[in-house]
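Student: I would like to go through this model and ask what stands behind each label. Please set each value against its definition.

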Amino acid sequence: MLTSTQAILEKAQRYGYAVGAFNLYNLEGAKAVVNAAEADRSPAIIQLLPQILRYGGVPLIALFLEAADSASVPMSVHLDHCEEADVIAMCLEAGIQSVLADGSKFSYEENLAFTREMTVLAHQQGATVEAEIGRISGTEDGMTVAEKEAKMTDPDQAKAFVAASGVDFLAVTIGNVHGKYHSAPRLDFDRLARVRQLLDIPLVLHGASGLPALMIQRSIELGVCKFNVNTEVRQRYLEFWREYGKTGSQTDLLDCQKAATGVMQEVVAQKIRLFGSAGRA
Ligand code: 13P
Ligand code: ZN
Ligand code: NA
């Protein structure tokens, strides 16, 4: 059933687990998340990126909203990494539950002004907003330690930002990266602990693909209640089609779609168990 992202994350925060927010691209992805969440009686969040939206438009939002609503467990739909006010407004209009107003590439002041404006807009529509303080990299290759640290969330700045913007959730940057970790992941848990001390809103960790179980668990203990997952599910889906392209004699597209759903569902189910949200619906 469609549930607010706020309610899903507040409950996770209260009981000390985290909820997976899965970046999806199509019906197979939506079915994979709904099936996995229902099988494990877990809440889940479907999220979509602006570039997917440019391709799929309002019908894709409608598909995700319908899929979330049809589920027998709490689910919401979230717009991920969006820096365009008109796209955010369009998604809110279409009925999604939350957005990441991503001003992380702007200066602090511009990020604050943008986030504040989007938060007012979202709240008017009964939706909520995630913001990002610090900048999550696509890769940490080639960066010095000082460069990496400069991109990390400054706990005091995060506190001031949340107070001034009225934002509902905060994405932290503590060494997490989007996509593959090219060297062993290293997260700055002291920094996360400091953010948690200063703030009581739900915290979000992007780049969850590639993080080992122990780091996921430590992050949850330190207040992360939403993990963003894209790469691992997407890779599995692409592998499936690549394999199929090599060996497949199957001509029934529907069977292939079901099988593709199944392989993504396995990855989603693993994440749901790792995040501790199984049995929390
Ligand atoms: P991964 O691709 O590393 O899972 O990161 C996903 C993400 O943070 C989406 O916002
Ligand atoms: Zn992200
Ligand atoms: Na990652």
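Tutor: pLDDT is the predictor's confidence in each residue, from 0 to 100. Helices (H or I, at least four residues) and strands (E, at least two) are DSSP runs, numbered from the N terminus. This is a predicted model, in which local features need pLDDT of at least 70, side-chain atom pairs count only at pLDDT 80 or more, and totals for chains, interfaces and linings use all residues. Residues are numbered from 1 along each chain as its sequence is written, while chains are lettered from A and ligands numbered from 1 in the order in which they are written.

Student: Where in the protein chain is confidence lowest, and where is it highest?
Tutor: It is lowest in helix 6 (residues 145–151), with a mean of 72, and highest in strand 1 (residues 19–23), at 99. The chain averages a pLDDT of 94.

Student: What makes Asp 102 buried?
Tutor: A residue is buried if 20 or more other C-beta atoms lie within 10 Å of its own, exposed if 12 or fewer, and partly exposed in between, with C-beta atoms placed from the backbone. Asp 102 has 25 others within 10 Å, so it is buried. It sits in the loop between strand 4 (98–101) and helix 5 (108–124).

Student: Why does Glu 132 count as buried?
Tutor: Glu 132 has 26 C-beta neighbours inside 10 Å, and therefore counts as buried. Glu 132 lies in strand 5 (residues 128–133).

Student: Which residues does UniProt list for "binding site"?
Tutor: The unreviewed UniProt entry lists Asp 102 and Glu 132. They span 31 residues in sequence, yet no two of their C-alpha atoms are more than 6.0 Å apart, so they gather at one spot. UniProt positions are in the numbering used here, feature names are shortened, and annotations may be inferred rather than shown by experiment.

Student: What does Asp 102 touch, not counting residues up to four places away in sequence?
Tutor: Two residues are in contact if their C-beta atoms, placed from the backbone, lie within 7 Å. On that basis Asp 102 touches His 81, Cys 82, Glu 83 and Glu 132.

Student: Which residues of helix 9 are buried?
Tutor: In helix 9 (residues 213–221), they are Ile 216, Ser 219 and Ile 220. Seen down the helix axis, the buried residues fall within an arc of 100°, so they line one face of helix 9. The arc is that of the directions from the helix axis to the C-beta atoms.
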